[in-house]
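Good morning. I will walk through one model, a piece at a time, and give each cut-off where its term comes up.

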Amino acid sequence: MHKSFELFKYLKLSGALRLQNIQTRRMHVKVIKMRWLTGGVNYSYLLSSQDKTKSWLIDPAEAVEVLPNLKPEESVTIEAVVNTHHHYDHSGGNQAVVSRLVESSGHDVKVICGSHTSPGATDIPKNLQEYTLGDLTIRCIRTPCHTQDSVCYYVSDPQTGEKCIFTGDTLFTAGCGRFFEGTGEEMDYALNRRILDGVGEPNWDGTKVYPGHEYTKSNVKFVRTAVYKNLGDNAALDRLEQFCGKNKVTTGSFTIQDELDYNPFMRLDDPSVRDAVDDSQGSLSRAKVMDRLRKIKNSM
Ligand SMILES: [Zn+2]
């Protein structure tokens with residue numbers, strides 16, 4: 001009796017401390033919808049340190065949609081405009097946004113991206129290169145395939161343990177980007193080696209995913225039609241399907257571990273995925289499975 005009371009007290013205390021920790025110190029991700037009226041359903045993100053003195057503005061492709069969403073006190077904290085890849089619906093706003101930010105803040109604003117194809121590029125990070133943004137550490141994970149200059153940005157706060165990753169058009173919730181400049185082998189390497197190793201297994205569970213587009217609903221439809229056809233085939237997919245039935249915005253709600261549980265592009269050796277690509281014997285290479293899976297998705 002006495003012991004369990006002590007335990008209860010301890011749990012209550014540690015819970016309270018945890019809560020306080022979360023309330024007083026946390027990274028901020030402001031989700032900015034872009035190109036939703038024209039069907040692009042893109043996201044731009046303002047990532048800020050816990051005290052909101054330093055920020056990165058990620059993929060602000062449409063200056064007219066992004067700038068009005070930034071408060072003056074937010075604009076002055078932006079140190080860099082950052083691109084996940086060079087496609088215009090991610091990098092097309094770089095120059096207009098940077099010139100407005102420089103004008104209003106009076107300080108330099110970097111353009112961090114995967115190649116000089118992005119307008120105004122100033123910094124081209126190498127794979128696993130790290131940046132510091134206030135209390136945050138940001139690791140650049142290069143993931144060539146959708147484009148050769150695709151970069152995912154893995155953010156962690158060593159003090160709070162919070163983690164997230166901005167994945168552009170490489171990893172979507174329950175999907176992945178088209179292989180415009182790469183092969184199935186490269187996408188397998190990007191998703192299942194580069195991202196997983198770059199984040200690190202102990203962090204998969206707590207790392208929230210922020211993709212470049214809100215494609216979750218159609219991705220779930222694809223997975224339901226092609227891979228896990230019945231309720232109960234994959235409990236994680238069942239939960240995701242329910243969630244996106246109720247929520248139009250799913251970005252930031254799921255983790256890398258969730259993707260490993262339901263995203264067929266990260267489950268290439270799952271017998272259900274092999275069945276879906278007509279390989280019930282499991283004899284195809286992972287690269288071939290990736291190619292076939294993407295082909296099925298493209299045709300839907
Ligand atoms: Zn793209």
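Where does Leu-128 lie? Leu-128 is in the loop between β5 and β6 (130-133). Strands here are DSSP runs of E, at least two residues, and helices are runs of H or I, at least four residues, all numbered from the N terminus. Phi of Leu-128 is positive, near 70 degrees, in a residue other than glycine. Leu-128 counts as partly exposed because 13 other C-beta atoms lie within 10 Å. The cut-offs are these: a residue is buried if 20 or more other C-beta atoms lie within 10 Å of its own, exposed if 12 or fewer, and partly exposed in between, with C-beta atoms placed from the backbone.

Before going on, the source. This is a predicted model, where local features need pLDDT of at least 70 and side-chain atom pairs count only at pLDDT 80 or more, while totals for chains, interfaces and linings use all residues. Residues are numbered from 1 along each chain as its sequence is written.

Lys-52 also has a positive phi, about 60 degrees, although it is not a glycine. Lys-52 sits in the loop between β2 and β3, and it is partly exposed because it has 14 C-beta neighbours inside 10 Å.

Those two strands, β2 (residues 42-48) and β3 (residues 55-58), run antiparallel and are joined by four bridges. Leu-46 has Leu-57 in β3 as its bridge partner. Strands count as paired if DSSP finds at least two bridges between them. Five strands make up an open sheet with mixed pairing, in the order β1-β2-β3-β4-β5. Its edge strands, β1 (28-34) and β5 (110-112), each pair on one side only.

Next, strand β8 (residues 151-156). Is it enclosed or open? Six of its six residues are buried, so β8 is largely enclosed by the rest of the structure. Val-151, Tyr-153 and Val-155 are buried on one side, and Cys-152, Tyr-154 and Ser-156 are buried on the other. β8 pairs with strand β7 (residues 136-142) in the antiparallel sense over six bridges. It also pairs with strand β9 (residues 163-168), again antiparallel, over four bridges. Ser-156 is the bridge partner of Thr-137 and stands opposite Lys-163 in β9. The hairpin of β8 and β9 has six residues between the strands, and there Gly-161 takes a positive phi near 80 degrees.

Now the annotation. An unreviewed UniProt entry places "domain: Metallo-beta-lactamase" on residues 41-213. UniProt positions are given in the numbering used here, feature names are shortened, and annotations may be inferred rather than shown by experiment. The end C-alpha atoms of residues 41-213 lie 5 Å apart, and the span is 23% helix and 29% strand.

Val-41 lies in the loop between β1 and β2. Val-41 is partly exposed because it has 19 C-beta neighbours inside 10 Å. Which residue is 173 residues from Val-41 in sequence and 5.6 Å from it in space, C-alpha to C-alpha? That is Glu-214. Leaving out residues up to four places away in sequence, Val-41 touches Arg-35, Trp-36, His-213, Glu-214 and Tyr-215. Contact means that two C-beta atoms, placed from the backbone, lie within 7 Å.

Last, two helices. Thr-216, Lys-217, Val-220, Val-223 and Arg-224 in α7 meet Leu-237, Leu-240, Glu-241 and Cys-244 in α8.

That is the end of the walk. Questions are welcome.
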